[in-house]
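User: I'd like to learn how to read a few features of a structure. Could you walk me through them?

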Amino acid sequence: MDKYQEQPHLLDRHLEGMMNSLLEIVRDSGSPPPLVHLAFKFLYIITKVRGYKRFLPLFPHEVRDLQPVLDMLAKQNPKDTETWETRYMLLLWLSMICLIPFDLARFDGNLVSVEGQARQPTMDRILDIAKCYLVVSDKARDAAAVLVSKFIVRPDVRQSRMADFLDWVLSMLSKSSSQTMEGTVIVNGMLQALAQLFKHGKREDCLPYAATVLECLDNCKLSESNQMVLRKLGMKLVQRLGLTFVKPKVAKWRYQRGRRSLAANLQAQGAAVQNQKREAAAAAAAAEAEDDEEYDIPGEIENVVEQLLVGLKDKDTIVRWSAAKGIGRITGRLPKELADDVIGSLLDCFSFQETDNAWHGGCLALAELGRRGLLLPSRISDVVPVMLKALTYDEKRGACSVGSNVRDAACYVCWAFARAYEPAELIPFINHISSALVIAAVFDRDVNCRRAASGTFPHGIDILTAADYFAVGNRVNCYLTISVYIAGFSEYTQPMIDHLVNMKINHWDSVIRELATKALHNITPQAPEYMANVVLPRLLPLSVGSDLHTRHGAILACAEITHALCKLAQENNRSVTYYFSEQSLEGLKQIHQEVCSHRSVFNLECCMIFNKDWQLRQLFSSCAKRGWQWLINDSLRHLTLVSSAARQHIKESAVSALAALCNEFYINERGEADPALQDELVTQYVSELQNSEEMIRCGFSRALGALPRFLLKGRLQQVLEGLKKVTVISPEDVSFAEARRDALIAIAKVCQTAGVKGDGSQQEYVCRENVDQIYATLLTGVTDYTTDSRGDVGGWVREAAMTSLMEVTLLLVQKEAELIHANICKQIMCWLAQQSAEKIDKFRAHAGSVFLTLLHFDHPPVPHIPHREELERIFPRWEKDTLNWNAASEAFPRITQLLGLPAYQYHVLLGLSVSVGGLTETTVRAHSSLFDYMKKIQSDPSALEGFCETLLRVFEDNLRNDRVSVPLLTMLDQLLANGCFDMFTEQENHPFPVKLFTLCKEEIKRSKDIRKLRSSIGVFCGLIQFQGDMREKVFFQLFLLLCHPFPIIRKTTASQVYEMLLTYSDVVDAAVMEQVMAILSDTNWEAELPVVRERRNCLCDLLKVPRPQLVAKVRWECAPGVLCSWRCP
C-alpha cells in the first residue's frame, strides 16, 4: 500500500473487490481467530491509506449482517493490544449497518431467552458497545465516535435515547480531568462523539441541547489544557455548536466572482458577463434590505466567535487551522454587520504585541474568509497592509527565529485573494502585492516560503520560467542569479533593493546578510544612480551603528555596492569616483576608523572586502594605509576572541586584505618596497611567529605567506627560517598543530611567490642553497602524529605538508626540475605511499590524490619517481580521478601491491601496520588485502625473506612507539595465526622468529599497557610453531606472564596458551599433555599470586622449563648525616 500514499484515489476501483475478498474470510465460520484478525488488519491498512470516509459506504449493510457483527464485537476484549484493528473495523462496519431503514425494535422479538433470562434490546446493545469503546485509548475510540454519529441520529434512537446519551456524555466530561492520563482518554472520546454527533445530526434535533453542551464545554476549560488533541477537538465542537445555533443559510451579501463551474465561466463572454454582473449586483442590493430581517442570531454566538478568535492564537497549528475554518463557516451565516465586526476583531490579531501564533492564525482565517467571498472589497484596503507585513514577518528567538509559518500562510492569503476577486478590485494593490510576493519567492530564508510565494504576478510567465518550484529551492541561486533576472523588470528593481537594505542586511543569520550584500552587488548595474544617491548614504550611518548585525551587514553592503559602482564606471570609461558624492567618499574613508574605535573583532573581517579590488583601493588616500594596516594586524592578533567557526573566515579575509594593501600602497614606481617599511613589516611578522598564543602564530604565518614578492625580496631566508621554527615540535607547543599547519601552507605560498632560480640568491629565490632546507621542513610535517583531546590533530599538519610538498614540487618541475634530487623525490613518494595506507579515510584520500597527481603530472613529468612504470601499471592514468581513496575496499588492494616494490615496501608496511592492527572498519579491508599479498609470495623465498627483514626493521625503528608498536603486534599475531610464515617453521632457529621474539620481549618490558600486553601474548603463542631453542624461550616468557601482576593478563595468557596447545599439540609430550591442559583450564588465574605461582611452577616442571626466579628488590640506604634527595625510610 505504500506506493499509493501519494495518490490513494487510484485504489478506488479496486476497493470493493479487496473488501469482499477479505470479508469472505471473516464471514466464514471455519476461519480461525488469527486469520480473521489478519483479514481485519489488512482492511485497516487499506482504510488508513484511502481514508475511512471513502471506505465506509462499501461495507455490506444488510439486515442479516447486524447480529453477526454484534456477536463478534461482544467477543472482543477491549484491553487486548494485539487485536485493536479488528475492533476498529467492526465498529466502522456496525456504524454502516445502523443505517438500515427499519425500527431496531423489530429485531428484538421475544426478549426472554431460552434460559428464561431477559435479553438486552438491540438498541441498548449497540449503545453499550459505543459507550464501552468511547473510553478506550486505542484507535477503536475514533470508530466508536463515528458509530455514535450514525446511530444516535436514527429517528427511533433519537426519540428514546438521545437525551440520556447526551446526559451520560456531559456527566463523563464533568467528572473527568484532562490533567490525568485516564481522564484525557475519556475527554477525548466524549469530545469526538459530540463533534461527530453535531456534525451529522439535524439542526432541529441538536438545537435543544446545544446551549447545555456549550456551557459544559466552557466549564471544562479546554483552552488551558496542555493536550493538543483535546484543544483541537474542543475547537471543532465549538464551531459545530455555533453552526447549530444559526440557520444553514448562504449569505446573500457575500462577494461572488463568476460561477462555480469553470465551463460556464468560459462560455459566458463579453457583454454576457457584464450583464450577469449587473444583474447579480441588482439582485444583491434588492435582497440586502430584506436579508437582515431573516437572521435570528442567539446570544451564544458571541461566546462561540470569541472562543474561535482565541483559538486562532493557540500554540499548535492544527488548533489554529480548525479555528480558522470555524471562523469562515460561521461568518458565512451571519448578517453583514456582524460579519464585519468579526473581521474587525480578526484584524486585531495583527498587532506586533501579539505572538507569531496569532499572526499565523489570523492569516489562515483571512484566507478562509477571502476564499468563501466573505471579505468584501471594501475591506481589502485594511487587509492588504497587514498581509504585506505578514509576508516579511520574522522574529528572533534565541539562536533562531520564528515566522516562517506566518509568511507561508500570508502566501496562502494572496493565493485565496487572487482567486476570490475580480482583477479590477485588486488593481490598486497589485504592485504592492506582486512586489512582496516576488521578494518572498527570491529572498525568503525558508524554501517552503519561497515555493509558496512563487505565484502569479505581472510578467508572471517570464518570472515563473526562471523562478519555478525547483529553481527557488536553491537559496544561493535565488539571491545571486534569479534576483538579477527579476530586477531587470522595472516594477521590481527598487522594491527588491529596498527590501534587502531594510530587512536582510540586518538579518540575524550571517549567511543571509552576506548573500544579501552579494545580491546588492549583482543588482547595482540595474539601478546605479539609486544605489549611489539613495542606498549608499542610507547605509553609511548604519555601518557605524550600535547593533552588531546591522553594522556587519551595512559594512559588507557598502563594500559590495562600492565595488560594483567602480566596476561599472570602469566599463563605461569613467572615473572611479563618477558615481560617488563627496559625502559618500568621506564616509567610506572613515569607516575603518569608526570600526577600530569599537575594537570589535566581529566587524574587522567586514572591512577586508574594501581591499579586494584595485578600483576600490583608489578611493582611499595613502594616509589611510596606516589605519588599514593596524586594522589587519589587530585582526590577526585577536583571532582567539572569536568562535572557531568564524576564525578561519576572518583570518582569510585579513590575509587577502593584506596582500591587496601591500600591492596598492607599499610599492614604488620601480616596483620595489621602501627598505625601512619592509624591514619593519617583515621583522614584526616574523617575531609574532614565536608568540605564546597559537592563533597569533596561525594568523601571522598566513600573513607572511600572503606577502607580495617585492616585500620578500632580500628577506626570503628570514621568512623561511621563522616559519621553520613554527613547524618544530617542542614540549611547550606540542599541541599547536594549527600553527604548524598554517606555517607549512605559508612556506609553499612563499615559495610560489618568490619564484625559482637555481643559481640565484637564497634571499630572493628558491635555489640550490635553500631547496633542501625547504623540503626537509615539509617532510618533517608528514611525520607529525600529535594527538590531544581533539583527536589526531597531527593529521591537519600532515595534510598541509602533503599539499605543500605537491605545490613546491610542481613549481620546481615547471621551472627548474634539476633542483629536485632523486633522494628527495623518493622520500616524497614513499611518505605519500605510507599516508595512502593509513586508516583515517580523509587523510588516506588526500595522500592518494597527491600521490597520483605527482605520478601522472606530465608538463613536464616529475623526475626520479622510483618504479614509475610499475606504479603506472598499478594506478592507470584513467583512474586518477575515479579511484575512490575513501573506500577501503578500493584503496587497499592497490596499496598492498606496492609491497612488491623495494623502494616503497618499508613505508607502505609501516602504514599498513597501523591500519591492519587498528580498531576501525578499515582493519577488515586492510587485513584481507595484506593476506592476499602474503599468499602470492609464499612460493617466492626471496620475496618472503625481504618482507620479513622489512617487517623487523619497522618493528625495531618503532620500538616503544605505541602508535605503531601496539597495532603492529596485533598484525603480527594475525600473520602468525594465518600461517604466513610457514616456510620458516621447518628450519631450526631461523633468524626471523628469533629476532622477532627479542623485539617483542623488549617491547613489553616494564609495560603496563593492557592492550600491548594482550597483543604480545598472541605473538608469543604464534612463535611456538618455530623449531629450535625458540620454544623453550617462548614457554618461559608465557609462564612469566602467567604470574603477571594484572589478573586480566594472567587469565588471557592461560586461555591463549590452552588454545595454542590445542593448535600445536606436537610441542608438548603426549604423556603430560592432559595434565597440562587440566592445570590451564581448572586453575583460577585471577586468584592471589602465591597460589597462581604454585600452579605455574607445576607447568614449568611438567614441560621441563626452568622456573622463573623472584628477584629481590635492591634497597638503598643513605649514610648517616648525608643529605639525600631520595625518600629513604
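Analyst: Happy to. Helices here are DSSP runs, H or I, of at least four residues, numbered from the N terminus. One thing to keep in mind is that this is a predicted model.

User: Let's begin with a loop, then. Where is H864 placed?

Analyst: H864 sits in the loop between helix 42 and helix 43. Its phi is near 65°, a positive value in a residue other than glycine.

User: Is H864 buried, partly exposed or exposed?

Analyst: The cut-offs are these: buried means under 20% relative accessible area, exposed means over 50%, and partly exposed is in between. H864 has a relative accessibility of 43%, so it counts as partly exposed.

User: Which peptide bond is cis?

Analyst: The bond from H859 to P860 is cis, with omega near -5°. P860 is placed in the loop between helix 42 (841-856) and helix 43 (868-874).

User: And what about the phi of R1006?

Analyst: R1006 is not a glycine, yet its phi is positive, at about 60°. This residue lies in the loop between helix 49 and helix 50. Its relative accessible area is 75%, so R1006 is exposed.

User: Now for helix packing. How are two packed helices described?

Analyst: Two packed helices are described by the angle between their axes and the distance between the axes. Take helix 39 (residues 771-781) and helix 41 (residues 822-836): they pack at an angle of about 15°, and their axes are 11 Å apart. Angles under 35 degrees count as roughly parallel, and helix 39 and helix 41 are therefore roughly parallel to each other. Their crossing is left-handed.

User: Which residues meet in helix 39 and helix 41?

Analyst: From helix 39, D772, Y775 and L779 meet I824, Q827, I828 and W831 of helix 41. The residues of this contact divide into 5 nonpolar, 1 polar and 1 charged.

User: Can we try another pair? At what angle do helix 34 and helix 35 cross?

Analyst: The axes of helix 34 (residues 675-688) and helix 35 (residues 694-706) cross at roughly 145° and come within 8 Å. The crossing of helix 34 and helix 35 is left-handed. On the helix 34 side, the contact is made by Y685, V686 and E688, and on the helix 35 side by I696, R697, F700, A703 and L704. The residues of this contact divide into 6 nonpolar, no polar and 2 charged.

User: What span should the 12 residues of helix 51 have?

Analyst: The expected span is 1.5 Å times one less than the number of residues. For the 12 residues of helix 51 (residues 1030-1041) that should be 16 Å; the end C-alpha atoms are 17 Å apart, which agrees.

User: Which residues of helix 51 are buried?

Analyst: M1030, R1031, V1034, F1035, Q1037, L1038, F1039 and L1041 are buried. The buried residues of helix 51 pack against helix 49 (991-1003), helix 50 (1010-1023), helix 52 (1047-1063) and helix 54 (1089-1103).

User: Let's finish with two single residues. Is G311 buried or exposed?

Analyst: G311, found in helix 14 (residues 300-311), has a relative accessibility of 4% and so counts as buried. Leaving aside neighbours within four places in sequence, G311 is in contact with M235, V319, R320 and A323. G311 and K232 are 79 residues apart along the chain, and their C-alpha atoms are separated by 8.8 Å.

User: And is S174 buried or exposed?

Analyst: S174 is found in helix 8 (residues 155-175), and with a relative accessible area of 55% it is exposed. The C-alpha atoms of S174 and D28, 146 residues apart along the chain, are separated by 44 Å.

Key. Residues numbered from 1 in each chain as written. Predicted model: local features only at pLDDT ≥ 70, side-chain atom pairs only at ≥ 80, totals over all residues. Heavy atoms only, no water. Axes fitted to C-alpha atoms, helices over the stretch in contact; angles between N-to-C directions. Helix = DSSP H or I, 4+ residues; strand = E, 2+ residues; numbered from the N terminus. Parallel < 35°, antiparallel > 145°, perpendicular 65-115°, else oblique. Left-handed = near helix turned anticlockwise from the far one by under 90°. Contact = heavy atoms within 4.5 Å. Nonpolar A, V, L, I, M, F, W, Y, C, P; charged D, E, K, R; others polar. Buried < 20%, exposed > 50% of the residue type's maximum accessible area, 1.4 Å probe, protein only.
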